[in-house]
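Load the model, pick a cartoon view, and keep your selection box handy. We will go from the whole chain down to single residues.

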Amino acid sequence: MAARQSEIVQTGFGQVEVHRWGPGGRPLVLLHAAATGPKAYAPLAERLAEAGWQCLVPALHGYGNSRVPGAATAVEAHAAIATWLAEVSGARALVGHSMGGLAGLLAAPSVALDRLVLFEPILFDALDPEADADLIAAEAEMAAEMQRHLADGRDEDAVRVFVGVWNDTPWADLPEAARARLTAQAAGVVADTQATGGVTIAPEIWTAAPPTTLIHGDRSPEIARRMVAGAMRHLPRAAVTPLSGVGHMGPLMRTGPVAEAILAALP
């Protein structure tokens, strides 16, 4: 089992908490989803480290001790962290999950990457405004409901709504400690949800992306699978890997098949 190391690094744009698995090997940046954090990716990072990669998992903005003052949006801050870590580590490959997938795509044109691996990235700009209108409207209503609960001081209700749509495990079935942790993160989860929903991806970002593998599960929300399908239309050098029996939280819940898919995609 690869041991985890962590440090807090002061950068020119803020501070970043970075977790490492694997003492050597080629560096691989792994970007986490909203409402999670780097420690949750330990099982996945350990598998990748055992295969010879040094996994570098930053806490994105607002998670752990990572803070990027002055960023216009949470997504801009996440992308800044991804760009910085890929540059300073010399990583030539980046893996992003959900919100982390969006941050990775936005960071990719600024760094020299050989491969981008995205597990169900949150890419609203990849959706078809007409064919996917119902899905877009439902997600907007979810975000609005989360904001209403947060404004009324009902933090648990805010994250319960989010978990009900995006998590593989119903809120009632989560351990009490997990529900408490998520409730404490309610403001950040709402901010992330609003920020990801408002991102427009410029054409040059799509075209500048390195060879990209998009991974999705057959138990994920339909909107996640539609985002992958839309990304395939925009990315000039992309392939898709579907996984059976895997949901949106596959990198945490179904580590084995997800790790195999990632390793198969890496150069």
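Residues 24 or more positions apart make up 70% of the contacts in the protein chain at a separation of 6 or more, where contact means heavy atoms within 4.5 Å. Before going further, note that this is a predicted model, in which local features need pLDDT of at least 70 and side-chain atom pairs count only at pLDDT 80 or more, while totals for chains, interfaces and linings use all residues. Residues are numbered from 1 along each chain as its sequence is written, and side-chain values use heavy atoms, leaving out hydrogens and water.

**Stop 1: the whole chain.** Colour by secondary structure and you will find 11 helices and 8 strands; these are DSSP runs (helices H or I, at least four residues; strands E, at least two), numbered from the N terminus. The radius of gyration is 17 Å, close to the 18 Å that the globule rule gives for 267 residues, so the chain is as compact as a globular protein of that length. That radius is taken over C-alpha atoms, and the rule is 2.2 Å times the number of residues to the power 0.38. Along the principal axes, the C-alpha atoms fill a box of roughly 45 × 40 × 40 Å.

**Stop 2: the surface.** Of the 267 residues, 54% count as buried, meaning under 20% relative accessible area.

**Stop 3: Trp171.** Select Trp171, in the loop between helix H5 (155-166) and helix H6 (176-184). Is Trp171 buried or exposed? At 10% relative accessibility, Trp171 counts as buried. Leaving out residues up to four places away in sequence, show what Trp171 touches: Glu156, Val159, Arg160, Val163, Arg179, Leu182 and Thr183. Now zoom in on Glu156, whose side chain makes a polar contact with the side chain of Trp171 (3.4 Å); such a contact is a pair of N or O atoms within 3.5 Å, one able to donate a hydrogen and the other to accept it. The C-alpha atoms of Trp171 and Glu156 are separated by 10.0 Å.

**Stop 4: Val111.** Next, pick Val111, in the loop between helix H3 (99-107) and strand E6 (115-119). Val111 is buried, with a relative accessible area of 12%. Which residues does Val111 touch, not counting those up to four places away in sequence? Select Thr83, Ala86 and Glu87 to see them. To finish, draw a distance between the C-alpha atoms of Val111 and Arg92: 8.3 Å, for residues 19 apart along the chain.

How values were computed. Buried < 20%, exposed > 50% of the residue type's maximum accessible area, 1.4 Å probe, protein only.
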